[in-house]
Amino acid sequence: MLWGCSTSRTLRAHWVLAELELDYEHRPIGPRTGETQTDEFTRLDPRQKIPVLQDGDLVLAESAAIVNYLADEYGQPDRLIPAAGTQERARYDQWAFFVMMELDAHTLYVIRKHRDLAYLYGEAPAAIRTASEGFAKQSAVAELEFADGREFLLGDRFTGVDILLGSCLDWAVAYGEPIGERLAAYRERLNGRPTYVRAVQANFFTRPELLPPSLQSDGVSAGPP
């Protein structure tokens, strides 16, 4: 069972499930709706955050952890995640941590907190400006990786880090943050995957009332957490 919908982070879980062609039950609860504060959900995840995956006795939070677990557990060998203990897995881990910290937590989510969620976290124009500059700098690092003409982040095959990076690029575009030409072309390739389209449908349009008004009106396929 997968809990959560309507955010860039929940998209990652839906996307990996689509890539693996796994059937799953979906509980489409949203953030800041009170649904993550129920007793039932809090028992599963005291963090009161989405997404959360239940797989048998396992209860797993954090979107990147969910992507990696499902790829390891249900993917064909080396399909969505390199084998543990290999140099390719080390490169995968490096990019996964980079995306989650430098592009998600340290930049895009800072903008989110002090712009859209300023009523909770306070207005901080300087923090937003610095975060936007930080995103531009760090996304340029990812842009360089595609200078050799590679199709995906690790080379010629799609992996879980493409889910992580692709969701952040969607988030950035929804926020009006510029991305480089190579990243824009890469994002277009990712967004053309049928699995991505299915994930977007499950994540954002199961409960379209949870989409921010700007996304409802302009048809953007993905939004912020």
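1. Asn-203 lies in helix H9, where helices (H or I, at least four residues) and strands (E, at least two) are DSSP runs numbered from the N terminus. The model is predicted: local features need pLDDT of at least 70 and side-chain atom pairs count only at pLDDT 80 or more, whereas totals for chains, interfaces and linings use all residues. Residues are numbered from 1 along each chain as its sequence is written, and side-chain values use heavy atoms, with hydrogens and water left out.

2. Asn-203 counts as buried because its relative accessibility is 1%; buried means under 20% relative accessible area, exposed over 50%, and partly exposed in between (1.4 Å probe, protein chains only). Leaving aside neighbours within four places in sequence, the contacts of Asn-203 (heavy atoms within 4.5 Å) are Gly-4, Cys-5, Ser-6, Thr-7, Thr-10, Leu-11 and His-14. From Asn-203 to His-14 the C-alpha distance is 6.6 Å, although 189 residues separate them in sequence.

3. Which other residues of H9 are buried? Besides Asn-203, they are Thr-195, Tyr-196, Ala-199, Val-200, Ala-202 and Phe-204. The cover over the buried residues of H9 includes H1, strand E2 (26–27), H7 and H8.

4. The largest nonpolar core holds 54 residues, and Leu-165 and Tyr-186 have the most contacts inside it. Such a core is a set of buried Ala, Val, Leu, Ile, Met, Phe, Trp, Tyr and Cys residues joined through side-chain atoms within 4.5 Å. Two or more residues come from each of helix H1 (8–19), helix H3 (63–74), helix H4 (87–114), helix H6 (125–145), helix H7 (160–174), helix H8 (181–191) and helix H9 (194–204). H4 gives the largest share, 11 residues. Another core, of six residues, lies apart from it and has Trp-3, Ile-29, Ile-50 and Ala-61 among its members. In soluble globular proteins, nonpolar side chains tend to be buried together.

5. Tyr-186 is in contact with Phe-146, Glu-151, Phe-152, Leu-153, Val-161, Asp-162, Leu-165, Gly-166 and Leu-169, again leaving aside neighbours within four places in sequence.

6. Four strands make an open sheet in the order E2-E1-E3-E4, with mixed pairing; two strands pair if DSSP finds at least two bridges between them. E2 and E4 are the edge strands, each pairing on one side only. Strand E1 (residues 2–3) is antiparallel to strand E3 (residues 52–55) over two bridges. Leu-2 is placed opposite Leu-53, and Trp-3 opposite Val-52.

7. E3 also pairs with strand E4 (residues 58–61), in the antiparallel sense and over four bridges. Val-59 in E4 is the bridge partner of Gln-54. The two strands form a hairpin with two residues between them, and Gly-56 in the turn has a positive phi of about 65°.

8. Lys-49 sits in the loop between helix H2 (39–44) and E3. Its relative accessibility is 45%, so Lys-49 counts as partly exposed. The C-alpha atoms of Lys-49 and Glu-102 are separated by 20 Å, with the two residues 53 apart along the chain.

9. Tyr-119, in helix H5 (residues 118–121), is exposed because its relative accessible area is 60%. Together with Leu-120 and Tyr-121, Tyr-119 forms a nonpolar surface patch with about 350 Å² of accessible area. Patches are made of residues with over 30% relative accessible area and no salt bridge: like charges are joined within 9 Å, nonpolar side chains (Val, Leu, Ile, Met, Phe, Trp, Tyr) within 5 Å. A salt bridge is a side-chain nitrogen of Lys or Arg within 4 Å of a carboxyl oxygen of Asp or Glu. Accessible areas come from the Shrake-Rupley method with a 1.4 Å probe; for residues, only the protein chains shown count as cover.
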